[in-house]
Amino acid sequence: MKTFLRLLRLLAPHWKMMLWAVLLGFCTIGSNVGLMATSAYLIAWAALHPPILNLMGATAAVRFFGIARAVFRYLERYFSHHVTFRLLSQLRVWFYQALETLAPARLMDYRSGDLLSRIVADVETLKNFYLRVLSPPLVALMILGPVFALLAHFQTKFAYVVIFFFLLAGVVVPLGIRLLGRRVGRQRVETRARLHAHLVDSIQGMTEIVAFHQAEQRLTKMNSLNRELLQLQGRMSTLAGLTGSLTGFAMNLAMWTVLVLAIPMVESGELKGIYLAMLALAVLSSFEAVAPLPLIFPHLEESMAAAKRLFDITDAEPAVQSPAVSAGRPEKYDLQVTGVSFRYDAESPWALKNLDFCLPQGGRVAVVGPSGAGKSTLVNLLLRFWDYDRGSICLGSRSLKEYSQEDILSLIGVVTQRTHLFNATVRENLLLARPGAGQEEVIQAARRARIHSFIESLPQGYETYIGEGGFKLSGGQRQRLAIARALLKDAPVLILDEATAGLDPVTEKEVMEDIYELMKGRTTLVITHRLTGLEVMDEIVVLDRGQVVERGTQEELLRQHGLFRKMWDLAHQIIS
Ligand code: ADP
């Protein structure tokens with residue numbers, strides 16, 4: 001019930017449009033009843049060869065209802081689709097905004113396919129909430145009044161017969177269908193989500209699947225999920241078919257009952273014969289309003305399941321609370337980390353323990369350590385993707401917690417190992433760092449990152465599409481674009497998170513030179529497990545299992561014969 005009310009609240013801004021669509025739905029079915037009734041009356045009366053002038057009124061009515069039905073139908077479709085599409089786009093934006101505030105900390109437990117299924121399929125499912133759940137009963141209730149009045153005008157019992165069959169088709173059949181189809185809607189939403197998650201997972205991991213001969217297994221799982229979904233869809237169609245037959249049956253039964261009651265009245269002269277066909281057709285056509293009612297429950301269940309999946313995400317508490325007023329830009333860009341401890345959840349071991357270091361404005365500090373030492377965790381804390389549990393991190397004498405995440409991300413430029421490039425043009429990918437930048441600035445940044453001449457050599461220069469994830473570029477070119485992006489962003493603090501990992505030694509050396517260019521005049525933190533280019537660092541902090549085990553310049557650390565020296569020797573053994 002709570003989900004239902006929340007969904008209604010989401011629809012609230014569109015209530016006027018919806019009301020129009022319901023009114024037009026009523027007018028459409030009303031015109032249809034009018035058309036059927038007046039045509040039957042006209043034909044019956046014409047059979048008695050009255051003077052042609054006497055038929056004029058009925059002919060005009062037929063023409064009016066015929067045209068009105070088409071016009072109302074068009075307008076009803078127009079309004080209901082308009083409101084549905086507006087609603088869907090509003091829901092997508094609302095859901096995406098919620099996702100943004102939760103990323104990345106709170107989204108780690110969700111598979112990307114599952115999130116995709118929520119924002120595409122679940123949002124799409126909600127169109128049925130208005131079209132097939134809310135609107136049909138309102139239209140049916142509205143049509144009941146005039147039909148009742150029309151029939152009662154001839155005989156009250158005709159009206160009661162129609163009410164009885166209306167209730168049978170509009171209440172009893174839906175309840176029966178609900179009993180038969182319990183959980184179908186919800187299961188369909190869940191199975192569809194599992195199938196989407198599996199599909200996206202399989203596409204993303206295609207190379208590994210092929211390399212490890214897992215294609216067969218993946219296909220079998222996909223087939224079984226597909227079969228499950230087909231079965232559920234089949235059950236939904238069976239219900240729809242059953243509904244159609246039962247409503248049709250009730251409709252015909254209503255007509256026959258009215259006829260059985262009316263024919264003796266015609267014989268006894270209580271009712272004029274020319275009204276007989278009119279009554280029968282009016283009853284028959286009024287059932288158009290009841291036809292969609294039996295599927296309300298499966299659609300309601302499906303909408304509730306989809307809405308719940310969306311609310312699950314939008315209700316999640318962001319991992320980081322933004323301050324009411326952000327500290328804005330600091331006067332100095334130094335970074336002070338004091339006694340910081342952090343773990344991902346209460347049961348996990350500490351990922352960082354009592355971490356201390358100071359990075360003065362314009363200074364260069366490297367944090368090195370083996371895999372699992374907590375280096376990426378430190379980046380997550382500095383970018384405020386997570387909040388630390390103990391200690392403090394200050395940026396320019398203010399706690400990081402006093403800055404909104406937006407401000408932090410504008411103050412800190414990041415170059416990581418996994419630069420995400422969008423399937424867009426080179427220029428659009430660069431502009432991501434500063435959407436308002438002019439062409440000259442873009443070229444300048446690319447020049448300084450030494451990627452300009454390569455971009456120029458592409459078929460359409462800066463307007464060349466670089467493919468999904470930038471797959472048309474080499475690793476070095478991708479990193480250079482990332483550096484150009486950071487240059488364009490021109491943030492005073494820079495974090496280089498394994499920025500050269502995955503590159504061959506020659507490219508790495510070249511990219512390092514571009515990185516030195518990027519570092520100029522910026523407060524720089526380098527995170528790496530590779531020990532190249534560290535001679536220019538003011539201080540190197542060596543982390544192991546979340547704790548600082550050594551610190552000093554490269555020269556000092558090499559003399560200490562500790563973990564740094566061990567990692568150094570190992571790296572140089574491998575190279576030589
Ligand atoms: P590094 O970057 O130095 O390889 P990480 O910072 O990724 O190390 O990891 C430090 C510790 O935190 C590891 O024990 C790792 O398992 C854990 N960890 C990293 N990310 C998460 C996460 N999202 N949820 C729970 N634990 C995590």
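Q: Which residues line the second largest cavity?
A: This is a predicted model, and here is the general idea to start with. Rolling a probe the size of a water molecule over the atoms shows where empty space is left. In this structure, the second largest cavity has Val426, Ile451, Phe454, Ile455, Leu458, Ile466, Leu473, Gln477 and Leu481 around it. The space inside comes to about 30 Å³.

Q: Which helices each supply at least two residues of that lining?
A: Look at α16 (452-457) and α17 (475-489); each of them puts at least two residues into the lining of the second largest cavity.

Q: How many nonpolar, polar and charged residues does the lining of the second largest cavity have?
A: Sorted by class, you get 8 nonpolar residues, 1 polar and no charged ones.

Q: How many cavities of 30 Å³ or more are there?
A: The count is 2. The largest cavity has a volume of about 120 Å³.

Q: Which residues lie nearest the centre of the largest cavity?
A: Go to Thr500, Met512, Val526, Thr528 and Thr532, which lie nearest the centre, out of 16 lining residues.

Q: Which element gives the most to the lining of the largest cavity?
A: That's α18, with 4 residues. Both α18 (505-519) and β8 (523-528) supply at least two residues each to the lining of the largest cavity.

Q: And how many lining residues of the largest cavity fall into each class?
A: For the largest cavity, the lining splits into 9 nonpolar, 4 polar and 3 charged residues.

Key. Residues numbered from 1 in each chain as written. Predicted model: local features only at pLDDT ≥ 70, side-chain atom pairs only at ≥ 80, totals over all residues. Heavy atoms only, no water. 1 Å grid on protein atoms, 1.4 Å probe; cavity = no way out; pocket = protein on both sides within 12 Å on 5 of 7 lines; lining within 4 Å. Points joined across faces, edges and corners; volume = space filled by probe spheres on them. Nonpolar A, V, L, I, M, F, W, Y, C, P; charged D, E, K, R; others polar.
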